[in-house]
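Hi there,

Here is the structure I promised to pass on to you. Have a look at it first, and my notes on what turned up follow below.

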Amino acid sequence: INAEYMGGSPYRLLWRSTHQNGGLSLRRKSKMIQSLQNLQHNSSILNEDKFFSLVASKAGLVKVPSQAVAKKFGVETTFYEYPCGIHKPWAYLRPKHMSVLRRSCPEVRNLFRQ
């Protein structure tokens, strides 16, 4: 995968850009540092995952994968049956999708009791 920041479960925001969650993410350290050196970041306004997946990628400093690839990496807000990992999907997914995840990823049961 040719990406320098890959976060979990992309979803569309109001400004029609794709945000990839940082709770479960892979990052190329040199690109994160370069982005911070070249762009202003106010953490009280914008979380770091939005900064890297939206601002830095739009500026051409960080490559992010397509939504199709990112959704297979980590599940949070967008369901995928066989993800590489998860980040708090029980807060966003429907119960039927959580049931599928519990079957396809039995380890999910260790994270919470529902």
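Let me start with a helix and its partners: the buried residues of helix H4 pack against strand S3 (74-75) and strand S4 (85-86). Helices here are DSSP runs of H or I with at least four residues, strands are runs of E with at least two, and both are numbered from the N terminus. H4 covers residues 95-104, and its buried members are His97, Met98, Val100, Leu101 and Arg102. Buried means under 20% relative accessible area, exposed means over 50%, and partly exposed is in between (1.4 Å probe, protein chains only).

Before going further, a word on how to read this. The model is predicted, so local features need pLDDT of at least 70 and side-chain atom pairs count only at pLDDT 80 or more, while totals for chains, interfaces and linings use all residues. Residues are numbered from 1 along each chain as its sequence is written, and side-chain values use heavy atoms, with hydrogens and water left out.

On confidence, the protein chain has a mean pLDDT (the predictor's confidence in each residue, from 0 to 100) of 86, and 91% of its residues reach 70 or more. Confidence is highest in helix H1 (residues 29-38), at a mean of 94, and lowest in strand S1 (residues 5-12), at 79.

Now to helix H2, residues 48-58, where Asp49, Lys50, Phe51, Phe52, Ser53, Leu54 and Ala56 are buried. After H2 comes glycine 60, with a positive phi near 80°. The largest nonpolar core has 8 residues: Tyr5, Met32, Leu46, Phe51, Phe52, Ala56, Leu61 and Val62. H2 gives the most to this core, with 3 residues. By nonpolar core I mean a set of buried Ala, Val, Leu, Ile, Met, Phe, Trp, Tyr and Cys residues joined through side-chain atoms within 4.5 Å. Apart from it lies another core, of 7 residues, including Leu93, Leu101, Cys105 and Phe112. Leucine 46 is in contact (heavy atoms within 4.5 Å) with His41, Phe51 and Val55, leaving aside its neighbours within four places in sequence.

The whole structure has 2 aromatic pairs. One of them is edge-to-face, between phenylalanine 51 and phenylalanine 52, at 5.1 Å centre to centre and 70° between the planes. Rings of Phe, Tyr and Trp (its six-membered ring) pair if their centres lie within 6.5 Å; planes under 30 degrees apart count as stacked, over 60 as edge-to-face and the rest as tilted.

Cysteine 84 counts as exposed at 65% relative accessibility, whereas cysteine 105 counts as buried at 13%.

Finally, there is 1 salt bridge, meaning a side-chain nitrogen of Lys or Arg within 4 Å of a carboxyl oxygen of Asp or Glu. It joins the side chains of glutamate 48 and arginine 27 (2.5 Å, N to O). The pair links distant parts of the chain, with glutamate 48 in H2 and arginine 27 in strand S2 (residues 18-27), 21 residues apart. Glutamate 48 is partly exposed, with a relative accessible area of 33%.

Best wishes
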